[in-house]
Amino acid sequence: MGLALLAVIWLITLLSTYFFVAKTWWLPHGASAAAPWIDGQFALTFWLMGIVFVAAQLGLGYFVWKYRERPGSAPVEYSHGNTKLEIIWTTLTAILFVGLNLMGSTVWAHERFEPAKPGSVQVEATGAQFAWFFRYPGPDGTYANVQAKNISAEEQNPLGMDIESADAKDDVVSGVLYLPVNREVDITLRSQDVIHSLFIPSMRFKQDAVPGLAIHMHFTPVETGDYEIVCAELCGLGHYKMHGMLKVLSQEDFDKWLASKEAEKQ
Amino acid sequence: MATTATVHAHAAPQGFIRKYVFSLDHKVIGIQYYFLALAAVFVGMFLSLLMRIHLVWPNYSLPFFGDIKPETYIMLLTMHGTIMVFFVLTTAPQSGFGNYFLPIQIGAPDMAFPVLNMLSFWTTLVSFIVMLAAFFVTGGAPLHGWTGYAPLSAVPSAGPGEGLGADLWIISIAIFCLASLMGALNFITTTLDLRAKGMKLMRMPLTCWAWFVTAILGLLAFGVLLSAGILLLLDRNAGTSFFVPGGLNFTGRLAFPPGGLNPDGAPITHSGGSPLLWQHLFWFFGHPEVYIAILPGMGVASQLLSTFSRKPIFGYKAMVYAILAIGILGFVVWGHHMFMSGMSPYTAFSFSIMTMGIGVPSAIKTFNWLGTIYKGKVRFSTPMLYAIGFVSLFVSGGLSGPFLAQPTLDIQLHDTYFVVGHFHLIMGVAAIFGMFAGTYYWFPKMFGRMMSETLGRWHFFITLIGTYAIFMPMHYLGMAAQPRRYSQFTELAYLQGLMPLNRFITYAAFVTIGAQFIFVINLFWTMFKGPKASDNPWEATTLEWTTATPPPHDNFGGQTPVVYHGPYEYSVPGAPKDYVMQTDPAGVPAH
């Protein structure tokens, strides 16, 4: 029985570890400025926790086999523990866990403590059951006021902008998020109904969109291409269908696209 | 203490109803809780099987649910989570085993308040019935998840199931909170007031420490959830705005099915509420709740590892302090569920540090469990297999914690299958292994018969391998950014490559769930036909093994036990046997 247990625990451990180490399934390709930092912290955590995982599981399997009861097994060591050992492993664990956390916190601070730098691209993301809308403020740099009572699909006003206002004249609303490469984006998250969460796996970006709040976040795409956007917060029956697309373009193409949308509005 | 016991003594009831139904006996109430949880776990497990089927074969009609609607899966997951957390993980380890064995292990004739005890069980049963009723009302069960985030949970037009179904869900949880508060008071009072002579706090078995601290967590946490639930009910039905901000729009012009959910609905008239307030209140309960689920399992694992290694628990005091530290720190980490919620990033930082802090006492416990086995003499009875499985799962589920505790990594992992894998391993499966360990260990005492070791071993190995096969791959899926709470993975291109792994999980779920019938057969067969158990079949030291099997109405047959030393005196040098009962006046070496 001891041997069976050892075999099962070791096999589970080694098999699980193999698929992690072989990266059979891994983080999606990172295409934002923060991706290498976040992935680096992930890798560090992965290796440290991985070593503890393998050591603890192999140790457990080995101990139950080695110290199994059998004829002639060594007498049990009557011991109530060892205070010195307790202090050592408590201290080591505390250093490991808290240290790991502090190392990762610089990335967090960089991503979330500071607002976007001046000159970043302004875009607003609004979640509604079950779609994402992206709005660009246009040359005036100001978003038109939105109100629930103005929302109308027929009049092409899904956000409920005050259509008559001057600010609304140059606001561009898109179902696809277009962004220029290598420029920071200052994204404002809103929701019209329930909580949604804007998750762009390749950008290492996730933030809840909370009704009643306008949450500012920022990130910098560094590779052109198409990236899927998903909703990561349960928002109702169509949660699984609430997805969108991020298209990262060169600055030139982005300008062209925005200009064409502005032209459509006139 | 003797006077207290006398005051609370009640004669053994005679009629069937007072003996087995409306019983005041903590042992009967413990068994009632246990079977309630057993019924609930099969409901919850069945729902999870339907979920796994739907994820892999999205067009297949589910038994009992007929044609698949987009909301069906979300309702299943909401009810699966709620039933498992409240009626299984909170009910069996604490209210079930705790009720039966806390009084016996501390040498008391019953709980401090037997009537309150009976009331708390029947209240829990009412709560369960109300919860199940949500399936059968117009609109069906709610689809706001077990966390019930507002405004989804606060606005009836947010989706089907958010009408009467959601009201019943909230009412059920409110009733459950009342029951848990009554239970918690009883556990705390019993532990503090009814201990036998010589049963100092630091001589209590670690199971009792776990039940005691869990009761304190319950007392502090369920009150907050009860208040939050009442506020949510008011938001839904009385027009208040605690959790609902102004300017919401649910006209459903974009929602499907075509025509919208609420085509003529006007904008919601609430204003001034905060969706984040619900999250703070919910998780102020919700995080301690995961320790409510796992602490009793830790207690059982400690008890069993010592008993079946024939060795004193390694670092009894450290174990007690670790339980206390987990209890205290458990109340200051709730914000780690909210890193992506819009909460201040500075607040997130401090919650993150606290969360890493709570990893330390958890690690101490793991080290001490390994230290207990080290140089022991391990007996592989089925309860011990489950205790060893518990340690393995606790390590596996615990070590994904430091990933999620770092807000930086939570950016990527939050609300993905990584989280699903993490919490299922640690508070789901590990806690359930604690329950299995407890069942195989205490069944002889509760029912006077020995469960089959052969069936027990089959059950153990299939369940251990099966649960790892289900939940370990979920970490891979989470790293690959597969979002949780998706009823289908058909809509996103990057998820298509993950389907084989998802199918594998569903197959593993079939096998693992199938294996649970081995357990049920073993349980019920043994209850009526199993070989008779002796009073102390495991040669254990704690008080429940000093009394008759099953224990008499007042637990010790008119005797009050006197306790001379700690609970884990195994392999004491010079002792005639390799264990010294707590009631044995023989001396043990000072330590």
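The C-alpha centres of domain 1 and domain 2 of chain A lie 37 Å apart in this predicted model. Domain 1 of chain A comprises 2-67 + 83-113, and domain 2 comprises 121-265; the bounds come from an automatic or database domain assignment. The contact between them takes nine residues from domain 1 of chain A and twelve residues from domain 2 of chain A, where two residues are in contact if their C-beta atoms, placed from the backbone, lie within 7 Å. The side of domain 1 of chain A that touches domain 2 of chain A has six nonpolar, three polar and no charged residues. In this classification Ala, Val, Leu, Ile, Met, Phe, Trp, Tyr, Cys and Pro count as nonpolar, Asp, Glu, Lys and Arg as charged, and the others, Gly among them, as polar.

Residues are numbered from 1 along each chain as its sequence is written, while chains are lettered from A and ligands numbered from 1 in the order in which they are written. As the model is a predicted one, local features need pLDDT of at least 70 and side-chain atom pairs count only at pLDDT 80 or more, whereas totals for chains, interfaces and linings use all residues.

Chain A has four helices and ten strands, these being DSSP runs numbered from the N terminus (helices: H or I, at least four residues; strands: E, at least two). From the N terminus on, the elements of chain A run α-α-α-β-β-β-β-β-β-β-β-β-β-α. The radius of gyration of chain A is 26 Å, well over the 18 Å given by the globule rule for 266 residues, so chain A is more spread out than a compact globule. This radius is taken over C-alpha atoms, and the globule rule is 2.2 Å times the number of residues to the power 0.38. Along the principal axes, the C-alpha atoms of chain A fill a box of roughly 95 × 40 × 30 Å.

Chain B has 17 helices and zero strands. Its radius of gyration of 24 Å agrees with the value near 25 Å that a compact globule of 591 residues would have. The C-alpha trace of chain B spans about 80 × 50 × 50 Å along its principal axes. Within chain B, the axes of helix H16 (residues 453-479) and helix H17 (residues 499-529) come within 8 Å and cross at roughly 155°. That makes H16(B) roughly antiparallel to H17(B). Axes are lines fitted to C-alpha atoms, for helices over the stretch in contact, and angles run from 0 to 180 degrees between N-to-C directions; angles under 35 degrees count as roughly parallel, over 145 as roughly antiparallel, 65 to 115 as roughly perpendicular and the rest as oblique. The contact of H16(B) with H17(B) consists of 19 nonpolar, seven polar and no charged residues.

The contact between the two chains takes 90 residues from chain A and 99 residues from chain B. On the side of chain A that touches chain B, at least two residues each are supplied by helix H1 (2-21), helix H2 (35-66), helix H3 (83-113), strand S6 (196-200), strand S7 (205-209) and strand S9 (225-231). H3(A) gives the largest share of this side, 15 residues. The side of chain A that touches chain B divides into 51 nonpolar, 26 polar and 13 charged residues.

H3(A) packs against helix H11 (residues 345-373) of chain B at an angle of about 160°, with the axes 9 Å apart; the two helices are therefore roughly antiparallel to each other. Residues of H3(A) that meet H11(B) include A:Trp89, A:Phe97 and A:Trp108, and those of H11(B) include B:Phe349, B:Met356 and B:Phe367. By class, this contact of H3(A) with H11(B) has 14 nonpolar, six polar and two charged residues.

H1(A) and H16(B) pack at about 15°, with their axes 11 Å apart, and are therefore roughly parallel to each other. The contact is made by A:Val8, A:Ile12, A:Ser16 and A:Phe19 of H1(A) and by B:Phe461, B:Leu464, B:Ile465, B:Tyr468, B:Met472 and B:Tyr476 of H16(B).

Most residues other than glycine have a negative phi, and most peptide bonds are trans. A cis peptide bond joins A:Gln129 and A:Phe130, with omega about 0°; A:Phe130 is in the loop between strand S1 (121-128) and strand S2 (131-136) of chain A. Another cis peptide bond joins B:Thr549 and B:Pro550, with omega about -15°, and B:Pro550 is found in the segment after H17 of chain B. B:Asp415, which is not a glycine, has a positive phi of about 60° and lies in the loop between helix H14 (407-413) and helix H15 (417-447) of chain B.
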